[in-house]
Amino acid sequence: MRALSLHLAVLALLLALHFVLPAYHHANLARIMVLAVFAMGYNIAFGYTGLLSLGHALFLSAGMFGAGLLIQHFGLTAAPALLIGTLAGAAMAALTGLLALRTAGVSLMIVTLMFAQAGYLTLLYFGAVTGGDEGFPVPAAGRVAFGLNLAAEGPRYLVALGLFALALMGNLALVRSRFGRVMVAMRENEERSRMLGYNPFAVKLGVMVLSGLYAGAAGAFYGVMFGYVGATFATIPYSILPLLYVLLGGAGVTLGPLLGAVLMFYLIDLASSHTTAQLAVTGGALLVLVLFAPKGILGSLRERGLASWLP
Amino acid sequence: MTTDLAGLKTNRRTVLGGLAAGGALMLGAAPRFVQAQSSAPIKLGFQLHRTGIGAAYGRWYERTTQAALKLLNDQGGINGRPVEIVFEDDGTDPKRGAEVVEKLTTQAGCDLILGPLFSHVVIGSAPRAGELKVPYLVCSEGYHVASGMLNRWTLQPGITDVRAQVSSMAPWVMQNLGKKVTMVFPDYAFGHDHRDFFTEAVKAQGGEVIAQIAIPPTETSFTRYLPQIPAETEVLYHVMVGPAVLTFVKELGEFYGSGARPQIFGFIDSLEAVDIAAPGLEFLEGTHFWEGHCRVKQADAPEWESTYRAAVGVDDNGASVSDARDVSTYAHMFSCWETLFVIKKGMEASGYQSTADRQKFVEAIEAMTAFDAGLDHVQGAKTFNGKTHQVFGQQFISKVEGGKLMRVHATSIEDGMYPDAVDYTAQSF
Amino acid sequence: MAAVLALSAVGLSLTFGVMRVVNVAHGEFFMLGAVLAWVVVQAVPSAPLGFVAALILCPLVVGAVAALADTAILKRLNYDPEATIVATIGISYILQQGALSFFGPDARAVEAPFSLRLQFPWFGYSGYKLFVVIAAGLVLLAVWLFMTRSRAGLVMRATQVDRNTARAFGINVDRVYAGTFALGAALAAVAAVLIVPIQQAHYLMGHDPLLLSFIVVIIGGLGSIRGTLIAALLIGLSDGIISMFFTPTLAKIVATLAVALVLVFRPQGLFGARA
């Protein structure tokens with residue numbers, strides 16, 4: 001109950017911010033919410049189930065290119081393109097999971113990373129269709145869904161909030177479900193859950209697909225809402241990004257990805273306004289965080305007795 | 001716990017609310033301030049590749065722009081108002097690039113934005129510039145502006161695009177170096193522009209591209225690709241960008257050594273910000289390069305050339321006056337300088353007062369047709385095409401003689417012209 | 001190429017094997033070695049002498065930086081795997097910024113200590129590259145002897161097998177860890193100094209060796225030095241062979257997938273024992 005009210009309060013706060021934030025922060029928050037969905041997908045795999053993937057950029061870009069290419073080459077409108085893009089993320093995750101989940105731990109990390117790298121190179125190889133490294137701007141006609149122009153500031157924020165709310169509530173329901181408990185059991189002790197009659201591979205594959213669904217949705221919405229689709233979103237830094245968000249905010253906490261995304265975004269933004277050495281500032285901040293809040297901010301709060309608020 | 005958390009929440013909300021109100025006040029106030037006092041500075045935003053793969057260019061783009069800004073203000077600014085520039089790093093990343101466009105426009109309140117070089121950043125950021133209706137003047141040399149891919153708010157008045165550069169090289173290469181060409185280029189869009197337009201131009205000249213070797217951009221060593229160069233190659237055409245350029249050229253030298261080799265023609269991009277006298281590059285002696293602006297001061301350089309070099313802090317060899325090992329990106333960075341003076345002309349022609357005049361400013365630039373050479377257009381005279389938003393200028397071919405790039409040919413502006421692919425003036429704002 | 005790869009990978013393999021942590025900053029240690037090599041060579045007037053000085057100084061400096069990072073940061077994290085990843089990402093940002101601020105964004109060349117060339121009719125091969133292979137081999141041999149014969153090596157291997165038992169036997173685990181971390185970084189720096197006359201020094205150069213090293217370490221089996229060596233050779237060669245049959249980018253895709261599939265079907269690596 002406490003958890004539910006906290007989550008609803010966060011959503012209400014985000015809605016309230018829509019009316020008061022100045023233009024710059026308003027647009028930033030729209031971006032952050034979509035990125036937080038990406039990180040939430042990552043959190044499902046990594047935070048709850050313990051699958052350390054470094055290939056999530058592949059699922060993000062599958063969603064982004066899935067939606068973008070359909071708009072660009074087949075003239076689809078935003079709604080079907082977004083749906084197909086989202087599913088493309090899940091499909092890509094299923095394919096990757098089928099192979100990669102035979103490994104675990106650091107091997108899993110490397111295998112997913114290599115699949116993602118192969119995906120990135122494939123985007124470049126088919127540069128005639130995908131625009132290669134340059135990518136392409138999404139045509140204006142393809143950025144309208146049900147009469148809502150996603151290129152306009154207001155609808156964009158609200159659609160981002162809608163997506164975020166759906167993802168957050170889905171995440172909350174998931175971790176409270178039976179399957180959610182099996183996920184955590186898998187993280188804590190795979191052998192024991194196997195003995196209890198669960199098929200670890202099937203559970204992990206399910207988790208991976210769900211995670212890919214989140215990442216694909218984030219990619220598709222990001223591309224359509226901000227009007228650009230490009231292969232840089234398939235590069236390694238975009239696989240590390242959700243890991244950082246999740247670890248910063250708190251792995252295995254539903255609200256962790258949002259907090260992590262907000263902090264990381266503004267850390268970089270403020271650092272680059274006030275200094276020319278923003279890389280060092282960002283690196284230093286990461287070190288401070290990991291030294292003083294190794295479980296992430298919300299993870300540390302949860303350990304101090306806020307567990308009933310932060311599932 | 002409950003009270004704690006509730007306290008925290010209200011706290012955060014108040015803080016954010018306060019921030020929001022403050023921000024709104026600042027934003028709302030800025031334009032009014034400008035309108036009230038026309039002597040307030042004009043504020044330009046510069047999207048800078050300070051970090052990431054474009055950093056070598058970014059550093060010199062910043063220095064050139066600072067120098068041009070100083071000159072501009074010494075000459076009395078624009079419309080009698082001083083000019084300031086806000087530099088913001090985009091990490092040479094399209095996602096951050098779009099955010100920087102937003103930040104400069106809606107937070108810093110800049111009148112317009114200039115400066116990006118790397119084409120993926122330009123293409124990633126231009127849609128946001130179009131949505132925010134802010135003029136976006138790129139210094140990118142990509143063919144993405146004139147190809148019609150972008151929008152009415154995006155212009156390239158400071159540097160000739162790759163398509164024009166490449167096409168204008170072909171006749172001289174065919175006549176002086178050889179007809180059978182092998183091309184080595186990075187396997188991404190910038191390289192593909194080279195591949196497509198040079199191959200086309202070579203064909204038009206009766207030559208032939210016998211092999212195209214596309215190098216994956218993640219590569220840091222190139223030795224294994226070089227044996228793919230056919231033995232009957234007469235001209236090796238190379239262009240490379242990014243952090244590994246020096247390795248590429250060194251490995252090329254190692255591959256040919258002192259043995260027989262074809263004529264070598266490269267784009268200076270392969271060696272921007274790199275000292276041509278660096279160890280391992282001796283083999284470049286006698287090879288040819290495209291240059292957008294001659295790095296080494298030529299004997300017949302116009303009188304403003306020295307003023308420009310002194311202002312930017314570059315010596316006669318194209319290196320920093322304070323450190324001879326710090327070589328500039330000379331063939332590209334003039335574009336920032338020239339773009340700034342085009343902005344001055346555009347703002348004066350449109351009677352630019354405030355952000356409300358942004359559309360008039362774009363229309364004023366579109367109406368321009370030619371720029372005369374001079375201290376404001378240091379690279380040379382140019383023709384501007386208002387429909388495609390693209391400028392065209394002279395290109396140079398230099399030969400390495402005694403470790404220095406000496407100009408052996410200058411194209412005419414017409415050599416690089418091609419039919420319009422777009423008419424931006426027909427698009428709505 | 002393969003020889004240098006092996007050097008850098010053995011460094012990573014050591015840290016991973018003994019300490020069970022993933023060092024994301026490994027590539028930046030490599031970069032630091034290359035950049036410092038440039039600085040040293042610029043400071044010393046004669047090229048061969050400067051190179052020798054770099055070969056000695058750079059690994060020491062990089063090792064010291066690594067030891068400092070270990071005692072100041074990683075130790076306080078208790079080598080928790082996830083926290084270590086974040087921390088080493090943080091360290092790598094700081095090292096990159098340091099190189100960018102003090103060294104600049106340009107690629108810089110370092111002169112090879114000698115320029116002997118083997119000239120074949122159709123292409124040339126530099127004698128320096130052969131020297132690199134030999135030098136890398138010697139360093140690897142030294143590392144191997146160090147690990148198997150010396151007391152320090154024994155202590156390291158003991159710590160690798162069981163941290164707690166080692167501690168019970170009076171081994172100062174903290175010092176072993178700091179030493180291992182430093183040694184791993186120093187090996188990366190040696191690799192970098194060797195390779196820099198062939199390639200260049202640049203502040204973003206750490207990325208590629210990091211990836212390759214990871215792959216080599218995993219394929220070779222975690223913590224197995226012998227496996228790492230063979231894997232480095234295998235990958236160095238296969239990359240070259242595959243690139244003859246396809247266009248370059250396609251070859252890169254095929255090679256990447258091939259390595260990934262090896263990992264999928266032999267998750268313990270080619271030579272590692274199942275953990």
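How many residue pairs are in polar contact between chain B and chain C, counting pairs with both residues at pLDDT 80 or more? The count is four. Keep in mind as you look around that this is a predicted model.

## Where chain B meets chain C

Let's stay with this interface for a moment. The contact draws on 38 residues of chain B and 32 residues of chain C. Between them, chain B and chain C bury about 2,800 Å², and carbon and sulfur atoms give 49% of that area. On the chain B side, the residues that lose the most area to chain C are B:Arg224, B:Glu254 and B:Arg325, which together make up 20% of what that side buries.

One salt bridge is counted between chain B and chain C. Two helices of chain B, α2 (55–74) and α7 (245–256), each supply at least two residues of the side that touches chain C. Of the elements of chain B, α7(B) gives the most to that side, with eight residues. Sorted by class, the side of chain B that touches chain C holds 17 nonpolar, eleven polar and ten charged residues.

## Where chain A meets chain B

Now turn to the other face in this report. Here 47 residues of chain A are in contact with 41 residues of chain B. The two chains bury about 3,700 Å² between them, with 61% of it on carbon and sulfur atoms.

Six salt bridges are found across the interface of chain A and chain B. One to look up in the viewer joins A:Arg31 and B:Glu102, whose closest N and O atoms are 2.7 Å apart. Eleven residue pairs are in polar contact between chain A and chain B, again with both residues at pLDDT 80 or more. Helix α2 (residues 23–48) of chain A provides the largest share of the side of chain A that touches chain B, namely seven residues. By class, that side of chain A divides into 26 nonpolar, twelve polar and nine charged residues.

## How confident is the model of chain B?

The mean pLDDT of chain B is 87, and 91% of the residues score at least 70. Among its elements, strand β4 (residues 136–137) of chain B has the highest mean pLDDT, 97, while helix α1 (residues 2–36) of chain B has the lowest, 41. The pLDDT is below 50 over residues 1–37 of chain B, a stretch with 26 contacts in the model beyond near neighbours in sequence. Where pLDDT is low, the predicted coordinates should not be read in detail.

For residues 41–403 of chain B, an unreviewed UniProt entry lists "domain: Leucine-binding protein". Over residues 41–403, chain B is 36% helix and 19% strand, and the end C-alpha atoms lie 45 Å apart.

## Annotated spans of chain C

For chain C, an unreviewed UniProt entry places the feature "transmembrane region" at residues 51–69, 127–147, 176–198, 210–235 and 241–265.

Two of these spans are worth a look in the viewer. Residues 127–147 of chain C are 100% helix and 0% strand, with the end C-alpha atoms 30 Å apart. Residues 176–198 of chain C are 87% helix and 0% strand, and their end C-alpha atoms lie 34 Å apart.

Terms used
Residues are numbered from 1 along each chain as its sequence is written. Chains are lettered from A and ligands numbered from 1 in the order in which they are written. This is a predicted model: local features need pLDDT of at least 70, side-chain atom pairs count only at pLDDT 80 or more; totals for chains, interfaces and linings use all residues. Side-chain values use heavy atoms; hydrogens and water are left out. Contact means heavy atoms within 4.5 Å. Buried area is the accessible area (1.4 Å probe) that two parts lose on being put together, summed over both. A salt bridge is a side-chain nitrogen of Lys or Arg within 4 Å of a carboxyl oxygen of Asp or Glu. A polar contact is a pair of N or O atoms within 3.5 Å; within protein, one must be able to donate a hydrogen and the other to accept it, and residues adjacent in sequence count only if both atoms are side-chain atoms. Helices (H or I, at least four residues) and strands (E, at least two) are DSSP runs, numbered from the N terminus. Ala, Val, Leu, Ile, Met, Phe, Trp, Tyr, Cys and Pro count as nonpolar, Asp, Glu, Lys and Arg as charged, and the others, Gly among them, as polar. pLDDT is the predictor's confidence in each residue, from 0 to 100. UniProt positions are given in the numbering used here, feature names are shortened, and annotations may be inferred rather than shown by experiment.
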